[in-house]
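Hi everyone, thanks for coming. I'd like to walk you through the salt bridges in one structure, so let me put it up.

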Amino acid sequence: MKRNIKYIFAAVGCSLLLTSCLDTVTPTEGLTQSQVESSKSGIEGLNNAIAKQMIKLGYSDISCGYAGISLATDVIVGQVPIATPSWDYYMYVSEGYVGGNYAYSYDFWKYHYDIIKRANLLLTAVGTDTTAYAGYMGNALAYRAFAYMNAARLFEYKATGSTTLDSYATKNGLYGLTVPIITQNTTEKESQNNPRVPFYVMDRFILTDLNRAERFLNGYARDNETDANEAVVYGLKARFWLELGSRFDYNSSDLKKQLAHEDDDSLKTYDKLGITTATQCFANAAKYARMAINQGYTPMSKTDWYNEITGFNTVNKSWMWAMKIGTDDIDDDDWAWKSFVSYMSSETEFGIAGMQSDEAYREIDRSLYEKIDPSDWRRYTWVAPGDAGQADSVGHYSTLLTASNFANLPAYAGLKYKPAGGNMTDYKSGSAVSIPLMRVEEMYFIEAEATAFTEGLKAGQKLLENFMNTYRCTTTAANPTPYKCTSTSVWDFEDEVIREKEIEFWGEGVVYYDLKRLRKGFSTEYDGSNTYTYYQQSVANGYVAPAMNICIPNYEVQNNKGIVNNPDPQGE
């Protein structure tokens, strides 16, 4: 489907616009009485349904399960440029089509609230029988906290530098608003007038879920990596406290608002944060990151990373939490082009990014690639400019491709994600992969960044250097510490941490949240950029890209009169 044809298709087929296409969708995301009654049996099935929701194909072209939502966030911030836009099913996200009238905002919204709904169903079914179902309770609460944490960050409006958008946000009181809270106790009637809660309410709600999850999962041995365990809760808490530390460090008035509402009667059922400074938040982030690391996970080795058969498609000792797609889950032909493997593997003969799709390969940003340390073995995850088009360069890379097919790859094309079992031809087998939701490597980066705020810049630098030189750089007797931090301020150090996270988590949907959390500027608009011209953008420090403020879909706004929506960023 070429680019110009797809515009016509989208306009006709409601793949893009949502007007009149969602009349069968139940308004709000509250529980109906029939859903509550039906949840009284099959609690194990309800638990499994949460993980199944994570891999369910959604409504728009970006919806290859939750991995598609994560990939879309990478697209928005220019992490995964495409070699040619002819077959780019993420082009509308690249161009800012995340207003309330578009299918893309619908998928961002629907995925998170479907996870929440399934968690609520399980919590309703368990009721007071928490001892017998402690593991399931903990899993549901962890997933619910995960969904709310991500949704709150996706939909909260942050300043963009656009006078039109930012003035609208000020006039309509959008700053600091997250998303509506729906629990197992929320009625359908209540959810029809359910406003977006301010951050200081959402923070305490999420922490309460995480604290409860931690208690329920204490000592619990899960059966599958798709379920949360104690380590996952520690990881979520590390993310949570890092987010709060950055918020309060950046804006002391937000800290004052948070503290001013600690004793609100309306919030008495939620746990208090128990902090008074941003530094305490960073200390908690570092603490929980280290607690997660100490649960026995180890960063991926070079061998694991580059394995031609299991590379980034199979759970390994670094993956704390994962999505798993089985061949039985691939139940229709849409998977041939709509799977994560289809979009991200350069080595398949099916799908979008593979050899038969007019070179729709996903790449790493050129400027980022050029910043990879020379000693860093991750460099060969992407095709070096000097190796592009050179059949005899294939030996430098871990790839399923023949030399002649390797020569078709453009510079910077990614080789990170392998089809399951190395199956390049059968989409049902090749798309049945596992995809990471949380890796222990993230905890090392969180610990390093947070430590710079609590123990000083040098302490943070030492942690980052230790990680890189131990796990990511090739050391020699003559040069045992090739990676060295050169930052002279904490702000610059955060740049270094984010750069390494951009390399480490390419395609995993991590960095969007860092850039929005820190309001770090970025640019794909420079001489020699490998980002397609229509998609290029430059964002100044102190702002976020307009499309990073996802809009709530119009169907929710129409059925929930408490909602005030973000301004449509398209065209800004």
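I'll start with how the model is read and then go through a few pairs.

This is a predicted model, where local features need pLDDT of at least 70, side-chain atom pairs count only at pLDDT 80 or more, and totals for chains, interfaces and linings use all residues. Residues are numbered from 1 along each chain as its sequence is written, and side-chain values use heavy atoms, with hydrogens and water left out.

So, how many salt bridges are there? Taking a side-chain nitrogen of Lys or Arg within 4 Å of a carboxyl oxygen of Asp or Glu, the count is 32.

Take Arg 247 and Glu 156: their closest N and O atoms are 2.6 Å apart. Arg 247 is in helix α11 and Glu 156 in the loop between α7 and α8, so this pair ties together parts 91 residues apart in sequence. Helices here are DSSP runs of H or I, at least four residues, and strands are runs of E, at least two, numbered from the N terminus. Both partners are buried, meaning under 20% relative accessible area with a 1.4 Å probe, protein chains only.

Helix α11 also holds Arg 239, which pairs with Glu 442 in helix α20, so parts 203 residues apart are tied together. Glu 442 is buried at 5%, and Arg 239 at 10%.

Next, Lys 520 and Glu 494 meet at 3.9 Å, N to O. Lys 520 has a relative accessible area of 3%, Glu 494 one of 5%.

Last, there's a salt-bridge network, including Asp 376, Arg 378, Lys 416 and Glu 508.

Terms used. Buried means under 20% relative accessible area, exposed over 50%, partly exposed in between (1.4 Å probe, protein chains only).
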